[in-house]
Amino acid sequence: MQDNLIIYNTLSRTKEKFTPIIPGRVGLYVCGPTVYSDVHLGNCRTFISFDLIYRYLLFLGFKVRYVRNITDAGHLEGDRDEGDDKFAKKAKLEQLEPMEIVQKYTVGFHDVMRAVNALPPSIEPTATGHICEQIEMIKIIIEKGYAYVKNGTVYFDVEKYNKEFLYGQLTNRKLDELLEGTRELSGQDEKNGRLDFALWIAAKPETLMKWPSPWGYGFPGWHIECSAMSSKYLGEAFDIHGGGMDLQATHHTNEIAQSQACNHKAPVNYWMHTNMLTMNGVRMAKSAGNGFTPGELFSGDHPLLDKGYSPMAVRFFMMQTHYRSTLDFSNEALQASEKGFARLMASIKRLDNLKTSSTSTSNIKELEQDCINAMNDDFNSPILIAKLFECSRIINSVNDEKETITADDLVILKKLMHDFAFDVMGLKSEISNSSSDKALQGVMEVILEIRKDVKAKKDFAASDKLRDYLNKIKITIKDTKDGATWSIQE
RNA sequence: GGUCCUGUGGCCGAGUGGCUAGGCUGAGCUCUGCAAAAGCUCCUACUGCGGUUCGAAUCCGCACGGGACCUCCA
């Protein structure tokens, strides 16, 4: 069952058979958010994509150690390797301690992840919690000759590294090409090479977040945290490293360089990159003014949104596109997903009331295999969803007594729908069980009972009046041959 | 400018060289007191021009369009 998984590896730019280092176990590292502001929808897409991947690995029976970091220090605003980091800047703006910024947005991030039903990672390490590990790693890189110190700042020597290793392998680029695209060093720059990047950055008097180090007070560069934390928890070489495609060229390239310089071995076997989320064809970003927060998306409180969309509709919407394709956001597309999701959930609810027969008109086992094949092929959730809709059609047809299913097949079908819709795709029915909802259920039962009575007396004016009144307060009544059902309109 | 991805029916979105994904929308039918739901049927596409092939949405070339990265970014 674990032998047929195919993963697209950025390193080779091809789909490869997945073979873990230790059979039955997977080490998975994903670059998490930098918590200096609200996560936006694009960030969420990456984490939802990897949640699907994590869930499917678990479904296949792998023991997965899933590490996703929180960047809470050392992420600079520009490429100058100087000045304040993003947290300090925001802290000054909001007149808070940098760690208050970190706390505020970490909590917000977790709230959103919970709303979209993303499983928490096994370990969620922070950069500030691993300063020692980062310093140790930098020391080794210096000892091995791939870094140099200038006025308390430590730089990684890319050209030196490239003589022994391939620096641009993740983007299939040669060093000369990279150098061409880089701007000239300015007079103030203390780096030796244009591509060199900081491992440790010397603190200035006004720097808020700083730690002692062999090179004086300072803070870590952005890339070193991932190298230090991934090797600490997953080993010097591990199975899968993921992140957004925008991290590929710089962050991940530098991560490989650091780890390789330190340990002299390739840190990761499979690199996975998720594609961007766009709004009307343009990448969603705060600077473009076309972004909104998940909270705004759920409430609909934003000029670009026609209405609010439930977290599960959003999750379903994202799963309808493969993780390596760009996903274009629009109200129309999201509303289509919302309806499709409701239809899928409605059919799953019908599963419990299906009548079985001595024969099946559909090949359920084949469908089950189709679902597995879809996910084995580089986590192809759009095809999986197409197959689940096929299951929906079968369920509805059996429910209408136009098709039949055996008791054995029904067991398989139930398991299939629950496994893939809930466990693998992480969807969940959005009906809550709060006490007020239970009271509402009771009231509705009474109303439907009364309506049933007047309908029996053919008093359709009265029954329609009940239905119309309920419809005005967004409750829909449907008469089926097994009695009436009700639901709340979104 | 460089590296790379991409162009599918009204919309979204899969796609292994041949056996018409799927969802949403629209039309018709069945069911139904009506409505809704559900099912069935229909709308059968692949940017353009060449090439390879018995056969291409799928491979190759060119053109045009869109996007990403090369600067912080999931």
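## Surface and overall build

Accessible area here comes from the Shrake-Rupley method with a 1.4 Å probe. By that method, chain A exposes about 22900 Å². Carbon and sulfur atoms supply 51% of this area. The structure is a predicted model.

Chain A has 490 residues, and 50% of them count as buried. Its secondary structure consists of 16 helices and 15 strands. The C-alpha atoms fill a box of roughly 90 × 50 × 35 Å, taken along the principal axes.

## Contacts and charges

Now look at how the chain meets itself. Take the contacts between residues at least 6 apart in sequence. Of these, 72% join residues at least 24 apart.

Charged side chains come in two sets. Chain A has 59 positive and 66 negative ones. The centres of the two sets lie 4 Å apart.

## Helix α10 and its surroundings

Helix α10 covers residues 311–319. Nine of its nine residues are buried, so α10 is largely enclosed by the rest of the structure. Those buried residues are Pro-311, Met-312, Ala-313, Val-314, Arg-315, Phe-316, Phe-317, Met-318 and Met-319.

What do the buried residues of α10 pack against? Five of the partners are helices: α1, α3 (98–115), α9 (294–299), α11 (331–350) and α13 (381–399). The strand β13 (327–329) is also a partner.

## Where α1 crosses α10

Helix α1 spans residues 41–59. It packs against α10 at an angle of about 75°, with the two axes 10 Å apart. That angle makes α1 roughly perpendicular to α10.

Which residues meet here? From α1 come Leu-41, Arg-45, Ile-48, Asp-51, Leu-52 and Arg-55. From α10 come Arg-315, Met-318 and Met-319.

Ser-49 also sits in helix α1. Is Ser-49 buried or exposed? Its relative accessibility is 11%, so Ser-49 counts as buried; the cut-off for buried is under 20%. Beyond its neighbours within four places in sequence, Ser-49 is in contact with Thr-274 and Tyr-323.

Thr-321 lies in the loop between α10 and β13. Leaving aside neighbours within four places in sequence, Thr-321 is in contact with Arg-45, Thr-326, Leu-327, Ser-381 and Pro-382. Arg-45 belongs to α1, where it takes part in the meeting with α10.

Thr-321 and Glu-401 are 80 residues apart along the chain. Their C-alpha atoms are separated by 33 Å.

Helix α4 runs over residues 131–143, and helix α7 over residues 222–234. They pack at an angle of about 100°, with their axes 9 Å apart. The two helices are therefore roughly perpendicular to each other. On the α4 side, Glu-133, Gln-134, Met-137, Ile-138 and Ile-141 make the contact.

Arg-68 lies in strand β4, residues 63–68. At 3% relative accessibility, Arg-68 counts as buried. What does Arg-68 touch, not counting residues up to four places away in sequence? The list is Val-30, Gly-32, Phe-47, Phe-109, Met-113, Pro-121, Ile-123, Glu-124 and Pro-125.

Arg-68 and Ile-348 are 280 residues apart in sequence. In space, they are 32 Å apart, C-alpha to C-alpha.

How values were computed: Residues are numbered from 1 along each chain as its sequence is written. Chains are lettered from A and ligands numbered from 1 in the order in which they are written. This is a predicted model: local features need pLDDT of at least 70, side-chain atom pairs count only at pLDDT 80 or more; totals for chains, interfaces and linings use all residues. Side-chain values use heavy atoms; hydrogens and water are left out. Helices (H or I, at least four residues) and strands (E, at least two) are DSSP runs, numbered from the N terminus. Buried means under 20% relative accessible area, exposed over 50%, partly exposed in between (1.4 Å probe, protein chains only). Contact means heavy atoms within 4.5 Å. Lys and Arg count as positive and Asp and Glu as negative; His and the chain ends are not counted. The place of a charge is taken as NZ of Lys, CZ of Arg, CG of Asp or CD of Glu. Axes are lines fitted to C-alpha atoms, for helices over the stretch in contact, and angles run from 0 to 180 degrees between N-to-C directions. Angles under 35 degrees count as roughly parallel, over 145 as roughly antiparallel, 65 to 115 as roughly perpendicular and the rest as oblique.
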